[in-house]
Amino acid sequence: MSDSSPQEKKPASRALLTFSGIYSIFRKELIQLLRDPFLVAFIVTLPIIQLVVTGLAISKDLKHIEMIVCNQDKKNASIELLKAFDNSTFFEIDHNNYVDSDEELNRGIRKGKFRVGLTIPPGYSEQILSGKGHTNVNITIDGTHANIAKTIKGMAIAIIENHTHEQMKASALGHTALPLIGLSSTIVQPNTKILYNPELKASWFLIPGILAIIMHMMTILFTSFAIVRERETGTLEQLMATPIRVADLMVGKVIPYAVIGFLDMVLTLGVMIWFFEINISGSFWFLCFTSIVFIVTSLAIGLLISTTCRSQVQAVQLTLGLLLPSLLISGFVFPLEPMPWFVKIFSYCLPLTYYLDIIRGVVIKGNGLSELWQHMLILTFLSSLLLGASIFRFKKQIA
Amino acid sequence: MPLAATNDMQPAIMTENLVRRFGENIAVNNLNLTISRGEIFGFLGPNGSGKSTTIKMLCGLLSPTSGQARVAGIDVNKDPEYIRSKIGYMPQKFSLYEDLTVTENIEFYSKLYGVTGHAGNIRKKEVIELVGVGKYHKHLGRELSGGWKQRLALCCALVHNPEIIFLDEPTASMDPVARRELWDLLFSLASSGVTLFVTTHYMDEAERCSSVGYIYNSRLIVSGGPDELKQVREVVGQDNQRYEIACRPLVASFNIIKAIEYVEDVTIFGQALHVVVPAHINEHQLRHDLHSAGIALQSIRPIEPSLEDVFVTLTKANIKYDEEMRQNRLSSLRPAPSGVAHVR
């Protein structure tokens, strides 16, 4: 095609796009892409794992909500009512651990083990048997997660109404030990009480959660570059020729980012308090202390990513690949209860899962060390495990 | 075999059957080296021959698969961290912080090496003066030219007064003047008793070293003083003679000479050819044969082999040996061709 003389070095075609040009770039790009095993694995596995895990985790309807029960009646009619709750897959009652007082019930909810409590007052069965008027049961709901609280409330009321209705029908037909009492007899009146967030504002739940996620993401990104950047520029080689200890290097890298992360934390807490008008019910200082532990854990995740990757690009890919699913399975938006057990295993390996409980517990419920010491212990354990793993990985690489 | 206890008379570096494998591959195969204190040791070899792996093992950055090495009297298998406090290392690529100033880089490394306090300040001043980076103290690492970057790297590698300095191709990205200046600096260091372990691709630099080792395909083929190496039997032998022939046109003559039956080797050296012929062919006969082959001869003279000749000859001999080994694995008892002039 080229009939131009050698003096003219113009391309033969002045077209905007040429097939040969596009093809040669396309081919080169494809070869490079396939030659990076990390990227290939990333492309193939990430979407599949993300879809499967998160799909399984969040497409489930809410169920298996653990309910704490204070049965002060303990007679037949109350046991029938509890059976009605048992028969729904929505609630789950641990029959071996009833509590005796409302204080104990409230404590169970405050600790975060239960989202809902049912109190059946003394004389409940007698009232039912009398077949007159109405009797009360109390439903206490943790209002932290506003939407879940609403669902729980609706579900509990529906179960009680349905149960009353069934009872009436059964007694009308003589299928029960209870005496025939007619259709217009005792009505069970549920009294609901929402704890901590009586107005059920969604922001109370979401803002501290978002804050946790922002801090998590930022701090992981801080350190995920820390080692890999030095490897890429070659400064690591020079550094390792000095008598510096690996543990010194790792801890020294983490501390400045921990300070920055903590300052960021305080800033965002300020925004939460003054801009979104969400007050911290618990101790501000306790929240600061737990946040430092969380920040160090996140930084340790970043450090481990950094010792694993060959380039900064890989570090970003891996960070995002880990962050996206962890947002969905940590309980940030979707509750953990309905998730399948194998997803829950991952959930309970994530520091974020524990910290979400901590920050919501302190901000909304006013929790302190007595409720959250287990969370703190696990976070501390995770951060030392991750730091240890980074040091080990790094030492293995240079040996 | 245990090596002798530490004392000043001990060699700076001593290795015994040092081996490093990476999976199936042998990067360094049975390396035996002895380098005396105050020496400038030039470590040569093609890319991928095992130079960097050797340096990394001697710096305690990589543990040997087998064999022993003592650096500054310390066993690399036992205390690599202690070794790092006694040596300086200057990688091939500029490996200091480009976003720190010259002073900040020096400060950082002196802290890592524990060079602090009053004595530390004196030492820092001394090194900065020696290397001459003082006038750039406020410049960022990235603002320096190649030569000054290497000087800064040298400064950081020297700040703790190391006994041995490893320099991996220190002049690779330098202009000739900077190259000369750096070598002057290296000589003055060596004269003050520091041992230098330098890798290079430049033959003129190798000639300036007090001893040289040549590694090819993970084996140390030869080591010794540059003058000793030129006497290696494999290269000079009793049975051949090397001539420098100036003639025009060079490439055409090269091809013609290569075709002459008795010529063992021809190499282009700048504007001349180096030709190796059997000893029984004298200068007169060679001149005659070149004339009759139609070459316009300008000059011809018998020469001693250069270091480059030594390495080229030995590399070719080793390639041939490797090929024979591949074809007939039974002959593995025969040792690889190597120079005999091991250092002192």
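In chain A, helix H2 (residues 37-58) packs against helix H12 (residues 312-329) at an angle of about 10 degrees, and their axes lie 9 Å apart. Angles under 35 degrees count as roughly parallel, so H2(A) is roughly parallel to H12(A). The model is predicted.

**Helix pair in chain A**

- On the H2(A) side, the residues that meet H12(A) are A:Phe38, A:Phe42, A:Leu46, A:Gln50, A:Val53, A:Thr54, A:Ala57 and A:Ile58.
- H12(A) meets them with A:Gln314, A:Gln317, A:Gly321, A:Leu324, A:Pro325, A:Leu328 and A:Ile329.
- Sorted by class, the contact of H2(A) with H12(A) holds 10 nonpolar residues, five polar residues and no charged residues.

**Contact between chains A and B**

- Chain B gives 15 residues to the contact and chain A gives 11 residues.
- On the side of chain B that touches chain A, the elements giving two or more residues are helix H2 (80-86) and helix H3 (102-112) of chain B.
- H2(B) supplies the largest share of that side, three residues.
- The residues on the side of chain B that touches chain A comprise nine nonpolar, three polar and three charged.

**Domains of chain B**

- The domain assignment of chain B lists domain 1 as 13-226 and domain 2 as 240-303.
- Taken over C-alpha atoms, the centres of domain 1 and domain 2 of chain B are separated by 41 Å.

Note on methods:
Residues numbered from 1 in each chain as written. Chains lettered and ligands numbered in written order. Predicted model: local features only at pLDDT ≥ 70, side-chain atom pairs only at ≥ 80, totals over all residues. Axes fitted to C-alpha atoms, helices over the stretch in contact; angles between N-to-C directions. Helix = DSSP H or I, 4+ residues; strand = E, 2+ residues; numbered from the N terminus. Parallel < 35°, antiparallel > 145°, perpendicular 65-115°, else oblique. Contact = placed C-beta atoms within 7 Å. Nonpolar A, V, L, I, M, F, W, Y, C, P; charged D, E, K, R; others polar. Domains from an automatic or database assignment.
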